[in-house]
Amino acid sequence: MPQIRERTVLFADLRGSTAIFESLGNAEATALVTQTVSMIGQAVGECHGKLIKTLGDGLMAVFETPRDGVRSAIRMHELLERVVARGKLQGGSPSLRALRMQVALARGEVVEMNGDCFGDAVNVAARLLDHAGDNETLITVEVLLGLPSMQKARFRSLDRIAVRGRSEPVHVHVLDQPTQGGDMAATQFGEVVHAVEPDGIRLQWMDLDRVFDIDSMPIVLGRSVQATYCITDGRVSRSHARIDWHGGSFSITDLSYNGTFVRFGADGEIVSLKRGSCTLHGSGVIGLGSPPIDATSPVVRFEVLHFADTEPLSLSQSRGRR
């Protein structure tokens, strides 16, 4: 008999599992991914939730309260960190050490039937995963409103995001996680030295030239007219990439299907981000959907600014161009 209940729906998805299959083979990789998902799933029961199903390299769960759902998400990240740390200590496969996870939660009425759940909250939570960066937790405003004050304080707004299959954009918040083990971007993409915290970032695509200060974060780059920085090119996703302010630096996260590509300096190495993130420093270009080597592809120039030292474009000038 179908039952309709108010629930907090959680989806979690491991990223990087494809590389594990390529490096370990099907049998060993299947066992490893299944074991990892099972370990992460322990957080559901610990936080009074119900595991609905596992989805290969992910899972779906429901909770009576937003508080328990968010607690479970935080616990899942902790458990994955243990798996990755253990892999490093034991000299495990590099692909294992590169495992990441995205978590998304939504709240609303769901239909519970035959051990499964259906409804708008289920669809929104599943599709929010497309917008989550590495090791991020995204929640809808309905989840946020059900949290106690101390939990609310750990989230910041990403404003409204266009979600696939939804006519109306969804107001989304992201969990601010403490940085683990230093600057991951410095480890992956070369040393990044921040002598002085930057004050803003300048973006330029064709004649769209704008400067954003720290209070303007996050910046969503995309084709949608609701994007913070709108790029009207058919090759750009509606919500293609997001620039955030984290721990004294700017970072960019790919949200697209075709990838985001960053090149630092005039002829630096191109960093490919496919659902990944990296720290932005100095100046360079961002290719949306293709590497910034094709003169016809949509490319955004960026420059991290220190207003006390250089004034390539003042905030008042920039705002006058909007």
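The side chain of Ser-256 reaches the backbone nitrogen of Gly-259 at 2.9 Å. The model is predicted: local features need pLDDT of at least 70 and side-chain atom pairs count only at pLDDT 80 or more, while totals for chains, interfaces and linings use all residues. Residues are numbered from 1 along each chain as its sequence is written, and side-chain values use heavy atoms, with hydrogens and water left out.

Ser-256 also makes a polar contact, side chain to side chain, with Asp-254 at 2.7 Å. A polar contact is a pair of N or O atoms within 3.5 Å; within protein, one must be able to donate a hydrogen and the other to accept it, and residues adjacent in sequence count only if both atoms are side-chain atoms. Ser-256 is found in the loop between β14 and β15 (260-264). With a relative accessible area of 3%, Ser-256 is buried. Buried means under 20% relative accessible area, exposed over 50%, and partly exposed in between (1.4 Å probe, protein chains only). Leaving aside neighbours within four places in sequence, Ser-256 is in contact with Ser-237, Ser-239, His-240 and Arg-275, where contact means heavy atoms within 4.5 Å. Arg-238 is 18 residues from Ser-256 in sequence, and the two C-alpha atoms are 8.4 Å apart.

Helices (H or I, at least four residues) and strands (E, at least two) are DSSP runs numbered from the N terminus, and two strands pair if DSSP finds at least two bridges between them. Within the sheet, β13 (residues 241-246) and β14 (residues 249-254) pair in the antiparallel sense over six bridges.

Trp-245 stands opposite Phe-250 in β14. Both Trp-245 and Phe-250 are buried. The structure holds three aromatic pairs. One of them is Trp-245 with Phe-250, edge-to-face, at 4.9 Å centre to centre and 65° between the planes. Another is Phe-264 with Phe-302, also edge-to-face, at 6.0 Å and 90°. Rings of Phe, Tyr and Trp (its six-membered ring) pair if their centres lie within 6.5 Å; planes under 30 degrees apart count as stacked, over 60 as edge-to-face and the rest as tilted. Because Phe-264 lies in strand β15 and Phe-302 in strand β19 (residues 299-305), the second pair ties together parts that are 38 residues apart in sequence. Phe-264 is buried at 16% relative accessible area, and Phe-302 is buried at 3%.

Elsewhere in the chain, helix α5 (residues 120-128) has Ala-121, Val-122, Val-124, Ala-125 and Leu-128 buried. These residues lie on the same side of α5 because they cover an arc of only 165° around the axis; the arc is that of the directions from the helix axis to the C-beta atoms. The cover over the buried residues of α5 includes β1 (3-15), β3 (58-63), β4 (100-113), β5 (116-118), β6 (137-140) and β8 (170-175).

For the chain as a whole, the secondary structure comes to nine helices and 19 strands. Of its 322 residues, 50% count as buried. Among contacts between residues at least 6 apart in sequence, 58% join residues at least 24 apart.
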